[in-house]
Amino acid sequence: QEQADPILSGPAELRDFPDWFRDQQHSAWKQFDSAPQPTRKDQAWRFSNVGLLDLAAFRISPPLSADDRENILKYSRGLEQYAGRMIFANDQFVERDVVSEDLKKRGVIFQPLERAMVEHGDLFRKYFMSTEAKLGSAKFAALHKAFVSTGTFLFVPRGLEIELPIEIFHWLRHDNMSVFPHLLLVADELAKVTVIEHFRSCDQRAAGFACGVNDLIAGPGAKVTYVCAQEWASNVIALQMNSTTVDHDASAMSLNLHLGGKYSRFESLSRLVGEGGRSDLLAVAVAKHEQEFDARTLQDHISPHTASDLLYKNALDDRARTTFGGLIRVEPHAHFTDAYQKVRNLLLSDDSEANSMPGLEILADNVRCTHGATSGQIDEDELFYLRTRGIPPKMAQRLLVTGFLDEVIQRLNHPAIAEHLHRLIEQKFAA
């Protein structure tokens with residue numbers, strides 16, 4: 001393998017990007033370089049193991065070999081049926097597969113970023129990282145902006161419904177590599193689309209660093225469903241920053257399944273900018289050994305008559321830790337807001353630890369907002385009931401945990417994706 005450059009030496013002049021994009025990368029690098037490293041004293045990083053954010057070892061991958069590419073293609077299996085597929089490994093574009101040529105004829109743009117920024121420059125620039133990272137990771141959003149070199153741009157034109165899901169794979173290959181996955185999804189007025197992103201490692205012991213951004217824009221009356229299946233290897237440090245913008249009468253639903261990584265932080269900012277908009281934020285984490293999952297969210301109600309509903313469930317075993325910091329903010333004049341936030345933690349061992357910090361900031365009248373967080377053990381009566389039916393203790397425990405997590409996955413209302421996610425959860429318990 002060629003010698004790879006450490007990421008902390010700055011972005012390399014490798015790709016033939018437009019000048020405006022290159023300028024943006026340089027100023028983002030300066031921003032990253034000058035921003036202070038987070039500390040646990042920062043409210044946005046409270047309870048986080050910030051010591052793990054040492055990036056000195058991580059590198060930018062040299063070009064992948066033909067063998068690597070072949071293997072990546074072989075193992076990029078997810079759903080049986082999909083409308084289109086994009087595959088990346090070590091931030092290199094491997095394959096695009098569009099099942100229906102008809103979608104292209106009808107104006108769907110499904111391209112790697114490096115093509116979209118040239119061929120659809122105005123549209124791309126309008127939306128690319130247009131929302132500021134407000135939940136603590138501004139430094140890492142700048143790092144992403146400095147290094148992002150590929151990813152997916154998906155534009156669904158007015159009134160078009162893509163019935164089958166779009167699938168995207170991001171792989172880490174070899175030790176100490178870094179990736180900067182990016183998804184920019186724009187659904188125009190009354191469009192409908194479902195996207196599932198898979199985050200995977202080729203070697204289950206390899207260290208790596210992932211710093212991803214996904215921006216979802218739901219135009220007036222559009223319906224966007226986004227699913228993330230995060231199963232990085234056990235030594236990966238991962239940060240994922242999401243922003244969702246929901247226009248009037250539109251709805252956006254996101255479900256994030258967190259299974260892999262040593263430390264995985266997920267930030268989700270949902271902005272309800274038009275009346276009648278709705279946002280559902282769902283997440284499931286299964287944490288074992290010394291894994292740490294750190295979630296920060298903001299449900300920002302900017303217009304009146306908007307609704308948001310957050311349901312996060314975590315199952316923790318061994319010495320695993322989860323942190324949740326979430327805020328519902330109702331801006332002035334955002335009357336008749338309907339907002340919910342519920343976090344439930346299931347502690348499967350005495351050494352696991354769940355920290356939850358839900359919050360409300362209400363600057364308008366006539367709103368309905370509730371928030372709550374609970375942590376508890378498996379119900380002994382339920383366990384006893386299953387054991388009296390001849391089910392072994394370990395199996396009984398697993399049935400109760402999957403039942404507990406299933407409530408979140410059922411909210412998706414997408415049987416094929418639900419089945420895939422259940423399979424991943426089963427694999428995690430069996431490991």
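Ala, Val, Leu, Ile, Met, Phe, Trp, Tyr, Cys and Pro count here as nonpolar, Asp, Glu, Lys and Arg as charged, and the others, Gly among them, as polar. The model is predicted, so that local features need pLDDT of at least 70 and side-chain atom pairs count only at pLDDT 80 or more, while totals for chains, interfaces and linings use all residues. Residues are numbered from 1 along each chain as its sequence is written, and side-chain values use heavy atoms, without hydrogens or water.

The second largest cavity holds about 90 Å³ of space. Its lining comprises 13 residues, and Q230, W232, A238, L239 and Q240 are the closest to its centre. Two or more of the lining residues come from each of β10 (223-231), β11 (235-246) and β13. By class, eight are nonpolar, four polar and one charged. A cavity is a set of points, on a 1 Å grid over the protein atoms alone, where a 1.4 Å probe fits but cannot get out; lining residues have an atom within 4 Å of a point.

The largest cavity has a volume of about 110 Å³. Among its 14 lining residues, H258, A285, F293, A295 and N314 lie nearest the centre. Strand β16 is one of the elements supplying at least two residues of this lining.

Strand β16 (residues 307-316) also contains D309. D309 is buried, at a relative accessible area of 17%, where buried means under 20% (1.4 Å probe, protein chains only). Its side chain is joined to that of R411 by a polar contact of 3.2 Å, the term denoting a pair of N or O atoms within 3.5 Å, one able to donate a hydrogen and the other to accept it.

How values were computed
Helix = DSSP H or I, 4+ residues; strand = E, 2+ residues; numbered from the N terminus. Buried < 20%, exposed > 50% of the residue type's maximum accessible area, 1.4 Å probe, protein only. 1 Å grid on protein atoms, 1.4 Å probe; cavity = no way out; pocket = protein on both sides within 12 Å on 5 of 7 lines; lining within 4 Å. Points joined across faces, edges and corners; volume = space filled by probe spheres on them.
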